[in-house]
Amino acid sequence: MPETLPIDSVGLVTPQTIHFDQPLTLQCGKVLPEYDLIYETYGELNSDASNAILICHALSGHHHAAGYHSLSDKKPGWWDSCIGPGKPIDTSRFFVVSLNNLGGCHGSTGPTSINPATNAQYGPEFPVVTVKDWVISQARLADKLGINTWAAVIGGSLGGMQALQWSIDYPERINNAVIIASTPKLTAQNIAFNEVARKAITSDPAFHDGRYFDHNTIPQKGLMLARMVGHITYLSDAAMGEKFGRDMRNKAFKFGYDVEFEVESYLNYQGERFSENFDANTYLLMTRALDYFDPAKEYDNQLENALAKALCKFMVISFSTDWRFSPERSEILVDELVKADKQVSYTEIDAPHGHDAFLIPTPRYMDVFSAFMNRVAKEI
Amino acid sequence: MRADLKIIEQWVKPGSRVLDVGCGDGTLLQHLQENKQVKGYGLEISASNITSCINKGVNVLEQNVDEKGLSNFQSNRFDTVIMTQALQALRQPDVMLDEMLRLGKECIVTFPNFAYWRTRAYLMQKGRMPISKALPYTWYNTPNIHLCTFKDFEALCVQKNIHILDRTVVDKEHQDRWFIHMWPNMLGEIAIYRVTR
């Protein structure tokens, strides 16, 4: 718990929920007749609504990106390192909106919500949503908030994909896209990791074809395994080595299969915490959204053609030790942006933390990010 | 602005598309954007220079052209490709020159002239690798692995069928002085060339 709130924190924040009656036809063909989105805002919207920034979350993220819900919170929002007064996304200049995507399990309509048609939880019947669907829902949220054009749409990993999709689907409504530690589409290896995660969940006996709530249980072991696999891919070998090495909980080998190495203990702990807070159906859905993301697909598989519509400026950032979405993945995007004749800057930050580096305020990352956001602020 | 950059500016057409390979802190591109409304990108590897470029509103791409080359750019996408004071630090400057002329109609390159009289005198008198303002490194830590002279460069252009559109030579303050042109290979410290296919 913070004794007092840090001076560069957005402070205490309260999430808000907005209800949408207008049905949303999803890419899969199914229709959500109505839905809720939960979101938080930081900073003040200026009189001509030109200083709005949309923060898109990654796989397991949500609307609580910065600040604290109460003084008893142990940790601030997931991207507190980058959002706040004086931080790259400076809330003394920008009005920041962060939401939980459709299909989420933290307040927006998703598998844990009640299906109005059946008055029962959606569970596995919740339709598969895509990055494209999310962007449409986010545009509707912008309408309700009186924001016609985002000064910037910003995201890391899956969040970066949403920023990219924004630039293609709503070119008039986004002035800048900041795409961090992301990729224009998943590789076979990425999809393979997602499949292992999903299989871990669906093969848990407590999964019950996604209707675990009817059985008053959750596929905790499966979720835990899924997160453990995911977590390994978010860190680098070096970061893990530095944090845990081959440290053991006891000095001598026990010649058994209980947790002996510190890294095992850490992964188990992370997996357990995650399984207590995240819905299994949402995890399946979010990993599928990752797999399906491929904006070039509807443009003859030519990313350049997909990007041709974009009008915004792009900032693409990758991290040297990120092997989930390696710098090469970002460079593919940058090359296509150049081919499409777009305004783009790109940098690879030398950071040891792997994919998770996009959440960590290393000095050079903060410098470059701040420099770009200064440019965004000047355009307002 | 550095005098050599001013010379380069004269050779860049308003509204043209420019690629600045090894763009440094983005000073030239910023200047060209503001005064000549050019569009383009800078390529750079230094972290602090990249941040400077972004601060200046210059589109900069982190790219080690010595390793990656320029193959990620399509042919004839630029009007002018610029490389200031970097050719001599590349592993294959001749290949780079070809690549730059693949991407752009014209190329502007600048490099230190190793045949400058002071450099010659240094080597002759001391018998050691010359150190000067234009060449401030010792032999073992220099990034300049392919130093050449005006004559060398022009011989390469002849060999490759590259046409020299303009050339000028300046002193170490990048000032263009009339007497240098009398004997550029001896009196010029820095060479500035505009070439095309």
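This is a predicted model: local features need pLDDT of at least 70, side-chain atom pairs count only at pLDDT 80 or more; totals for chains, interfaces and linings use all residues.

Visitor: Why does B:Tyr140 count as exposed?

Guide: The relative accessibility of B:Tyr140 is 59%. Exposed means over 50%, so B:Tyr140 counts as exposed. B:Tyr140 lies in the loop between α6 (117-126) and α7 (150-159) of chain B.

Visitor: Which residues form a nonpolar patch on the surface with B:Tyr140?

Guide: B:Leu123, B:Met129 and B:Trp139 form the patch with B:Tyr140. Together, the four residues have about 510 Å² of accessible area.

Visitor: Why is helix α1 of chain B called largely enclosed by the rest of the structure?

Guide: Helix α1 (residues 3-11) has nine residues, and seven of them are buried, so the helix is largely enclosed. Buried means under 20% relative accessible area, and the residues in question are B:Ala3, B:Asp4, B:Leu5, B:Ile7, B:Ile8, B:Glu9 and B:Trp11.

Visitor: What covers the buried residues of α1(B)?

Guide: The cover includes α2 (27-36) and the strands β4 (78-84), β5 (104-112), β6 (163-170) and β7 (190-196) of chain B.

Visitor: Which residues of α3(A) are buried?

Guide: In α3(A), the buried residues are A:Asn190, A:Asn194, A:Ala197, A:Arg198, A:Ala200 and A:Ile201. Viewed down the axis of α3(A), these buried residues fall within an arc of 155°, so they line one face of the helix. They pack against α4 (220-234) and α7 (280-292) of chain A.

Visitor: How far does helix α3 of chain A reach from its first C-alpha to its last?

Guide: Helix α3 (residues 188-202) has 15 residues and reaches 20 Å, close to the 21 Å expected at 1.5 Å a residue.

Terms used:
Residues are numbered from 1 along each chain as its sequence is written. Chains are lettered from A and ligands numbered from 1 in the order in which they are written. Side-chain values use heavy atoms; hydrogens and water are left out. Helices (H or I, at least four residues) and strands (E, at least two) are DSSP runs, numbered from the N terminus. The expected span of a helix is 1.5 Å times one less than its number of residues. Buried means under 20% relative accessible area, exposed over 50%, partly exposed in between (1.4 Å probe, protein chains only). The arc is that of the directions from the helix axis to the C-beta atoms. Contact means heavy atoms within 4.5 Å. Patches are made of residues with over 30% relative accessible area and no salt bridge: like charges are joined within 9 Å, nonpolar side chains (Val, Leu, Ile, Met, Phe, Trp, Tyr) within 5 Å. Accessible areas come from the Shrake-Rupley method with a 1.4 Å probe; for residues, only the protein chains shown count as cover. A salt bridge is a side-chain nitrogen of Lys or Arg within 4 Å of a carboxyl oxygen of Asp or Glu.
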